[in-house]
Amino acid sequence: MNRRRFLLQSIGTSLALPGLPSLMAKSVGGNSAVQAAKGAGAGAARFVAIGNLLGYQVKSLFPSTTGRNYEKTTLLEPLWENRPQMTVFKGLDHGVKGGHFAVHSFLSGVLNSEAQNRPDGNVSIDQFIADEVGFQTRFPSLTVGSEGGIHGGCQIAWTKSGVRVPPITGPAELFERLFISDSKERQARRKEENKVQASILDSVLGEANRLSRQVNKEDKDKLDEYLTSVRDVEKRLELRKRWASQPKPQAPFEKPANRNPVQDLPMLYELIALALQTDSTRIATLEIGGDFLPQDLGIDKSYHGLSHHSNDPETIAHLITLEKYQIEHFGKFITRLSKMQDGERSLLDSTSVLFGSGMSDANSHKNSDLPIILAGGGYKHGEFREVPREGINKVPLCNLFVDIAQRMGVETDSFGSSTGRFS
């Protein structure tokens, strides 16, 4: 049959009806239905992930003593007052290789090049959770990063279709998303666009459901996959319609100006904290990319060049300066959340905050034994934990993602390369 294509340009989605050979045989299949998404429910659990494109100096990060009495290291020094609120992990990774080109697997556990035949592709944990519970807020998720640096733009967040989620690229744009409402004229245009798109979706669903009664089981599975895509578009359209006329929260300060990734980092953290506090979203990611310029910290070198330090002490010292700055502001973010009230507890108690990278050592392009810190989220913290890295007892990082997803209200026993739920 002829392929049909429905373009929903303002939603940014293309729906192409798959080819269904069994229509020629007029086989009879069952009905397909677009499943209703399950809500996040009460409790408002939240999740934030912060990733670094070039890793950290793990020799200066990991202590040598496990447990609650671990010693202060150079890179843990900025977090020393946050110890009761966080856990440092050693031994967690995804078992992938690829150097810089494997960093994008940080939140998915799956290389993009190996995702084609997987039901969920290389979906990142933030988008996986957002697909299930994100519709409760104006923004199912927020992806913040840059479009500069090595290997293109921010690659921390991925959809089930293997599409990179484009980032919000600075505090000015993030502020507008959170606090600046559309004009009445723009709202009216949006309303008309929504009507047209809803009509198109009705036609798509009507035709797909008609076809579902004529196809065999193999093609019914194809059609179910297609209807899953339609369901995703429906959810986004309903979300946009729901919030179109709702005023955004009042801005707590004037719109900030974009400066550079180094100077903007504290403001990005503050805006993410406000996004959580105002319940504009419950899921956010932040990637610190290759355009985080050492020059803005008084170091006349390139970040990528510094990361290939060849064990030169001066170069490593410059890297530690950059990394301590990043870790310092992560610590301030944790402290900020701990001082924001969320009902009878703090916002940090409601928010699982993951910090780390898909690379441990950029000098050797190593993607194993990743630097991972988890804060907040109601976990029991205060330890340095080392998990088995080899053999049948190896613990993948994705096991921790399964636990985070379940705490967010997602009913799942697996994610990415997981082998179970993290204990």
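The protein has nine helices and eleven strands. Helices (H or I, at least four residues) and strands (E, at least two) are DSSP runs, numbered from the N terminus. This is a predicted model, in which local features need pLDDT of at least 70 and side-chain atom pairs count only at pLDDT 80 or more, while totals for chains, interfaces and linings use all residues. Residues are numbered from 1 along each chain as its sequence is written, and side-chain values use heavy atoms, with hydrogens and water left out.

Of the 423 residues in the protein, 52% are buried. Buried means under 20% relative accessible area, exposed over 50%, and partly exposed in between (1.4 Å probe, protein chains only). Among contacts with a separation of 6 or more, 71% join residues 24 or more positions apart. Contact means heavy atoms within 4.5 Å.

**The helix pair.** Two packed helices are described by the angle between their axes and the distance between the axes. Helix α2 spans residues 171–179 and helix α5 spans residues 261–277. Their axes come within 10 Å and cross at roughly 15°. Axes are lines fitted to C-alpha atoms, for helices over the stretch in contact, and angles run from 0 to 180 degrees between N-to-C directions. Helices α2 and α5 are therefore roughly parallel to each other, a label for angles under 35 degrees. On the α2 side, the contact is made by Pro 171, Leu 174, Phe 175, Leu 178 and Phe 179. Helix α5 brings Asp 264, Met 267, Leu 268, Leu 271, Ile 272, Leu 274 and Ala 275. Eleven of these residues are nonpolar, none is polar and one is charged. Here Ala, Val, Leu, Ile, Met, Phe, Trp, Tyr, Cys and Pro count as nonpolar, Asp, Glu, Lys and Arg as charged, and the others, Gly among them, as polar.

Ala 251 lies in the loop between α4 (217–243) and α5. Leaving aside neighbours within four places in sequence, Ala 251 is in contact with Phe 175 and Phe 179.

**Arg 46.** This residue is found in strand β3 (residues 46–52). Its side chain reaches the backbone oxygen of Leu 276 at 3.4 Å. A polar contact (here, a pair of N or O atoms within 3.5 Å, one able to donate a hydrogen and the other to accept it; residues adjacent in sequence count only if both atoms are side-chain atoms) of 3.1 Å joins the side chains of Arg 46 and Asp 342.

| Residue | Relative accessible area | Class |
|---|---|---|
| Arg 46 | 4% | buried |
| Ala 251 | 30% | partly exposed |

Terms used:
Parallel < 35°, antiparallel > 145°, perpendicular 65-115°, else oblique.
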